[in-house]
Amino acid sequence: MAAIDTAALNPKIIARGKEFFQSIAGEAPSIFNKGWWTGKVMDWAMKNEDFKVQMFRFVDVLPYLTTSESLSRHIEEYFGDKDANIPDVLKWGAGKTGFGGGLVAMVLNKAIRSNIEGMARQFIIGEKASEAVKGIRQLRKDGFAFVIDLLGEAPLNEKECDEYMQGYMEVLAGIQSEYKKWDGLDTGGELDWGHAPKINVAVKPSAFFSQAKAVDVAGSVEGIYRRVEPIYRKIKEMGGFMCIDMEQLKYKEITIELYKRLRSAPEHRDYPHLGIVFQCYLKCTDVDVSEMIGWARKENLPISIRLVKGAYWDSETVLAKQNGWEVPVYTIKAESDMAHERIARMILENHDICHFACASHNIRTISNVIETAKALNVPDSRYEFQVLYGMAEPVRKGLRNVAKRVRLYCPYGDLIPGMAYLVRRLLENTANESFLRQSFAEGAELERLLENPIATRDREVAAKKAPAPAKMGPAGYPAFANHANVDFTVPAARAGMVNALAKVRKDFGKVYPLVIGGKEVKTSEMLDSYNPAKPAEIIGKVCQAGVKETQDALAAAKKAFLEWRNVEPLERAKVLFKAADIMRRDINELSALQVLEVGKQWDQAHADVAEAIDFLEYYGREMIRLGSPRRMGNAPGEVNQYFYQGKGVTAVIGPWNFPLAISAGMAAAAIVCGNAVVYKPSGLSSVIGFGIASIFKEAGLPDGVFNFLPGKGSVMGDVLVEHPDVSVIAFTGSMEVGLRIQEKAAKVQPGQVQCKKVIAEMGGKNAIIIDDDADLDEAITGVLYSAFGFQGQKCSACSRVIVLDPIYERFVSRLAEAAKSIKIGPSEDPANYMGPVVDKAAQQNVLKYIDIAAGEGKVLVKRTDIPADGCYAPLTIVEGINKGHRIAQEEVFGPVLAVMRAKNIDEALDIANSTRFALTGAIYSRSPKHLEKARKEFRVGNLYLNKGSTGAMVERHAFGGFNMSGVGSKSGGPDYLLQFMDPRLVSENTIRRGFAPVEEGDDWVA
Ligand SMILES: Cc1cc2nc3c(=O)[nH]c(=O)nc-3n(C[C@H](O)[C@H](O)[C@H](O)COP(=O)(O)OP(=O)(O)OC[C@H]3O[C@@H](n4cnc5c(N)ncnc54)[C@H](O)[C@@H]3O)c2cc1C
């Protein structure tokens, strides 16, 4: 192999690029051609960011606007209700008439729709397989090879995956009927250019298995393989090539495994025409490509790589930021360009085993490949160029002149997924960083466009402002930040859970004592806590408190309170921070225990521990904030201080559904405010509850400040609540128990010196509204997760979905199919979406409500294909439910979803607000007006717009409802701690004999 003279290469690349530009002088891609509607819109969008956002959002919703009424309404909502407000560019093609009469408006609206559909068609080779085949034929006549791709991302159910697979079979059948008639490009014969298969097909792996997820690599690969392999076999039969596209990072490992499995399958090993894509914007791609080439050498299998920069830059960045992950992509555009040049060279150096497809519209990037290949003497047959259909026509023409071997990536399919594809292309083309925009819309200098990206990167780094200093919180602590969500795309994160599950299992069957005043207390009465997926498996034997132990615990708490309340707020906060450190250290074990004791899925269990950590960190900082006495007023001669003290002994009565987060959160709030706690965990999650006691002990909390008191509500519940020494009761659980606690707490007992404060979070009957323009891919995913994640046992779970008439059939049929596709089984296996409900009693309760639901409405889905052993309840969806039905009013706490139909948004909101509860709610809508209306009129504590109703995060989504959903202010919010304290004010007269010292801030005479 020829050694490359790197220094000499750059001038050659620049010269090659200049030549390239010259060969296409005066030409512009059609999307920038201002003589046409698309070009005008793109021009306007690039000049006006607000219009760009509205325009792209409008394009996205357009396929859903099936009536002229909804089309007009959305045009008004997106662009203004007066003719004058609608940018002229949008009116193009509708004549010069004003917006006045209805007829004129109709003409205008029709023109807008047909212009946008025309714009989408520009990027799509056809909507039907026959149109696609016709388009391909034409392209080949013009000298271009093709790679065909069927549009349709995010299938939500297995039926859609089957249909998607059939779509490929259909287009292949269309091609099969005529490909033999096609002459090979340039050289004639059977192959294009003398070496490449004429048929080339791209597949998006995630579209072939609705249950694919990063946490389950093996199961996802298996599911995708099942449908992709028959397509590959068909392609092979026709002597074609298949390329596996690369999607979001979460599918990367799955895609690489799929490729390896297919490439090395005994049946396919001898067939070399299988490609994979790598994205240069990912920081890990150098290593990934190097490993892939290493694998090919080890297996002695020729491979093919298409190298792109990557199409999901914005979403990868936002996702990482939202989850607290390191951003996986480069953030300086030139770094992605550099990576392309570096990795292209790596592949070209290995051309003997790896065929290379350069997919870019960037003339610098392309020129680099041309010159590097030349310097390395890479034969023509070992590399080719690819561009997207409908984009960068001059580039493809220039490439055809210079490099000959040009392949166009041709999506075909319906306009609905086509619009999503269009939005991606529009975003790409109008991005400030886009090479095409800079070259053809902005006419940037050639020198700049062809500059070595290393120089560009260096310049940008030098010009970059120093990063803003990290935000600081109180007392020198960093500002609060949510604990990063677990990222199961990282193999170590998955292995961590597997190991932790094994470790936790080793402790099964142990006896867990009470902890009173720092001492472990064993009782003869014990309760078995069992694994709901395998009831014979005993997680632990938990000692149960009787009346005496309850009184002892309260006495211990009362004693500890007297000292603890005087500890400085900062010192109290430090205990919480230490406890958070311990939870971070043990997060896998704490999560694994939840998987086994209450049946949470891996991600849900991790999220619960993360929330517990957040509560500790947040309340610690909040107490430091509230802990400094505040001066009131500024009259000289008088110092008034406002400060807080803990209320006293706090009974914390925790739920099993967020066994760590909610319990640790309520207890931490009480403790940091200077109170002492007697904690009664749920009998269903007491082993996790014991963990909280151990964590506080390890964190250095003095004995007696946190007492662990598991016990039967019927034996010791009332004793705890009614005891005269209890000042605060923090409760999370059912409405019935919550109301009973309030009633009991209201009665003053002999010896009681203060009114009891009750903070109760009591549940909901949460609704999600599906507007007629909702993005169904998003809405169905959100409803499924909200209704059936953790088996619908969250207080925030969706139990009613209210669907607007025009979209009802489409939504419900897709939802039902998706629900039928969900995998159900032990939560320990991450392949399962849904697991068992928490215990046998819960199972019976859910079954009872399923019968009620079936009597009130029509059962759409009832999944009886569930494991026989274990506390499984059938996932059930029932339609035909109205406001008066019990299933629309009573909380079920299980995987039962009622579907309700509404004529319009007003009726939908009326139904949503028609229960006693007001906890969470959500709406999926792309109508700005309807979202605004929901903001005002959807009366719940936590409302989510275009996202599911669950998954609240400390601070960001401070959580809690009103009406029968609870009393008290939001947990994880700025008012929460105030409930655990009494405010005091001390006013001091500082005047002595007419003299007063001047205090800072005094309103002194000027
Ligand atoms: C034939 C073909 C097949 C394709 N297949 C895939 C595929 O399977 N998977 C896939 O993801 N994409 C695929 N793409 C899309 C491709 O990733 C984008 O079209 C491509 O990124 C645009 O790059 P460019 O070199 O043409 O343009 P350029 O304008 O040079 O580069 C734009 C790209 O730079 C990157 N970028 C933008 N801003 C920044 C920043 N601030 N910091 C770092 N990087 C930044 C992004 O990747 C962006 O797309 C394919 C493209 C083609 C032509």
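Before the questions, one term: a pocket here is an open set of grid points where a 1.4 Å probe fits, with protein on both sides within 12 Å along at least five of seven lines. Keep in mind that this is a predicted model.

Q: Which residues lie nearest the centre of the second largest pocket?
A: Among the elements that each supply at least two residues of its lining are α27 (713-722), β19 (726-732), α28 (735-746) and α31 (840-856). The lining counts 48 residues, and those nearest the centre are Trp656, Phe731, Gly733, Ser734 and Val737.

Q: How many disulfides does the model have, and why is Cys280 not in a bond?
A: A disulfide needs two cysteine sulfur atoms within 2.5 Å. Cys354 is in no disulfide either, with the nearest cysteine sulfur, that of Cys243, 11 Å away. The count for the model comes to zero disulfides.

Q: Is Cys354 buried or exposed?
A: The cut-off for buried is under 20% relative accessible area. Cys280 has a value of 0%, so Cys280 counts as buried. Cys354 has a relative accessible area of 1%, so the word for Cys354 is buried.

Q: Which strands are at the edges of the open sheet of seven strands?
A: The order is β23-β24-β25-β22-β21-β27-β28, with mixed pairing. An edge strand pairs on one side only, and that applies to β23 (858-862) and β28 (942-945).

Q: What is the bridge partner of Ala922 in β28?
A: Strand β27 covers residues 920-924 and runs parallel to β28, with four bridges joining them. In β28, Ala922 is bridged to Tyr944.

Q: At about what angle does helix α30 run to β25?
A: Helix α30 (residues 808-821) lies across several strands: β21 (766-770), β22 (798-804), β23, β24 (876-879) and β25 (896-902). Angles here run from 0 to 180 degrees between N-to-C directions. Against β25, the helix runs at about 170°.

Q: How many residues of helix α2 are buried?
A: Helix α2 spans residues 37-47 and is mostly covered. Its buried residues include Trp37, Val41, Met42 and Met46, along with Asp43.

Conventions: Residues are numbered from 1 along each chain as its sequence is written. This is a predicted model: local features need pLDDT of at least 70, side-chain atom pairs count only at pLDDT 80 or more; totals for chains, interfaces and linings use all residues. Side-chain values use heavy atoms; hydrogens and water are left out. Buried means under 20% relative accessible area, exposed over 50%, partly exposed in between (1.4 Å probe, protein chains only). Two strands pair if DSSP finds at least two bridges between them. Contact means heavy atoms within 4.5 Å. On a 1 Å grid over the protein atoms alone, a cavity is a set of points where a 1.4 Å probe fits but cannot get out, and a pocket is an open set with protein on both sides within 12 Å along at least five of seven lines; lining residues have an atom within 4 Å of a point.
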